[in-house]
Amino acid sequence: MVRVLRMMGKNAGNLPGLALWTLNKKCLKAFRPDCPIIAVTGTNGKTSVTNFLSYIFSKSGCKNIITNYEGNNLDTGICSLLLNYCTMTGKIHADYLVLEVDESHVPVIFSQLKLETLIVLNFFRDQLDRNGEVETLILKVKKFCETFDGNLILNGDDPNVARLGLANPGNKKVKYFSVERYKYATETLYEAGEGRFCPVCGHALEYDYYQYSHIGKFRCPKCGYGNYPVYARFTGIDPDKRTFTADGGKYTTVCSSIYYMYNLCAVYSAAKLYGIDKEIIRKAFRSFRVNNGRLESFRYKNSELILNLAKNPVGANMTVRIMNECPGKKELLFVLNDNTADGLDVSWIWDINFSIFNNVSKVVASGTRAYDIAVRIKCSGYDASKIKVRPDLDDAVKELFSGEGKKFAIANYTAVQPARAALNRFIGGVRDEK
Ligand SMILES: [Zn+2]
């Protein structure tokens, strides 16, 4: 079967993988990779971390890295990817397989493929109609971790992720990463958060501070949950100079938002685990951009625009915060679609904290649900006369660039590539790549 699909597999997109998966849900067992498999999962940041890590491995002299760059991260997507690279007998030759994997697909995929390292970034509420409640999702991954004895790299500042480290007491390869309190951390939670109760004993968690959402320094006053030995910690984060320190070395980065720092810390932890040269990591941190609608920068004449994908309130809140932390007047484009892949329910926009808008002189609403986002922002108390509704993306981009301030754009899942295309059409090929 693999052989037949392998032959039709090239350039056939997701179809052979889908066919194979439909015929046999155990088909991944037929693939025999001869290299370590590293998987990245979590609600936000999977694509960025996977791309970043693949880039660092490639710079360290590995020529042959197989990865799902475009975030084709469900079982059928992984199946298609492997079909593209396997021999007629299912063998896969590479230096590393670096895979972005949807949280709910981790157990089924890696019950069939031998995973060496699992990186878990965070758990937030996301596309409820597909994944169900976030707790159900965490329990799925936890169940997998109960028998997993490979490297487990966990965000130690997310209580929902850190708890996975307790799932298999026999696993001595659990490693936590953490980011030291940064300038804009808060003492109280003011964004939608999930992790307010101790996953061990159920007591309310206490926080010293919140970095963003429920990510921060937490502990349980009853059972002591929250005290881990940290494998990699970023300290001395300077958002203005875009610098930080890790293991005594100083690093510069292209973006200093706290959300980006956590992604980078996950990348750093994995690179450290695999013994990547610090100079290679330093160079990559200083220059590499994912440029796929993830904190992507566009330039038109004298103005700069930052575009960020947001599939959930946490992603959108992060962009709102990055915007607020930027001095001067700002203008925001919000593109909201409700296609199948977005989840038809757009009620998550009501969990975005627009009331913290700081010096935002204009909002342009676009996408198939342009009016919903306009109403949502108006209801947060924002001056309705400063909201322009332009469902057509080209009109929206034109409207945005008619103003003077620094530009930001938020787009949800199916909106992000059309938004990039519209921006590139408007700019006419003049891009700020690096
Ligand atoms: Zn507890």
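Is Glu-304 buried or exposed? Glu-304 counts as buried, at 19% relative accessibility (buried is under 20% relative accessible area, exposed over 50%, partly exposed in between, with a 1.4 Å probe and protein chains only).

Before the close-ups, a word on the model: it is predicted, so local features need pLDDT of at least 70 and side-chain atom pairs count only at pLDDT 80 or more, while totals for chains, interfaces and linings use all residues. Residues are numbered from 1 along each chain as its sequence is written, and side-chain values use heavy atoms, with hydrogens and water left out.

**View A. Glu-304 and Lys-406 meet in a salt bridge.**
The N to O distance here is 3.0 Å (a salt bridge is a side-chain nitrogen of Lys or Arg within 4 Å of a carboxyl oxygen of Asp or Glu). Glu-304 sits in strand E15 and Lys-406 in strand E19, so this pair ties together parts that are 102 residues apart in sequence. Lys-406 is partly exposed, at 26%. Helices (H or I, at least four residues) and strands (E, at least two) are DSSP runs, numbered from the N terminus.

**View B. Six strands make an open sheet.**
Their order is E14-E15-E19-E16-E17-E18, with mixed pairing (two strands pair if DSSP finds at least two bridges between them). At the edges are E14 (296-300) and E18 (387-389), each pairing on one side only. Zoom in on E16 (residues 330-335) and E17 (residues 360-366): they run parallel, joined by six bridges. Phe-334 stands opposite Ala-365 in E17.

**View C. Lys-362 and Glu-399 form a buried salt bridge.**
Again the N to O distance is 3.0 Å. Lys-362 belongs to strand E17 and Glu-399 to helix H13 (residues 393-400), so the pair links parts 37 residues apart in sequence.

**View D. Four cysteines hold the zinc ion.**
The SG atoms of Cys-198, Cys-201, Cys-220 and Cys-223 coordinate zinc at 2.3 Å (donors are N, O and S atoms within 2.8 Å of the metal, or 3.2 Å for Na, K and Ca; water is not among the atoms, so sites may look incomplete). In sequence, the spacing of these donor residues reads C-x2-C-x18-C-x2-C. Cys-201 is in the loop between strands E8 (174-179) and E9 (206-212), and Cys-223 in the loop between E10 (215-219) and E11 (230-238), so the two tie together parts 22 residues apart in sequence. Cys-201 is partly exposed at 32%, and Cys-223 is partly exposed at 40%.
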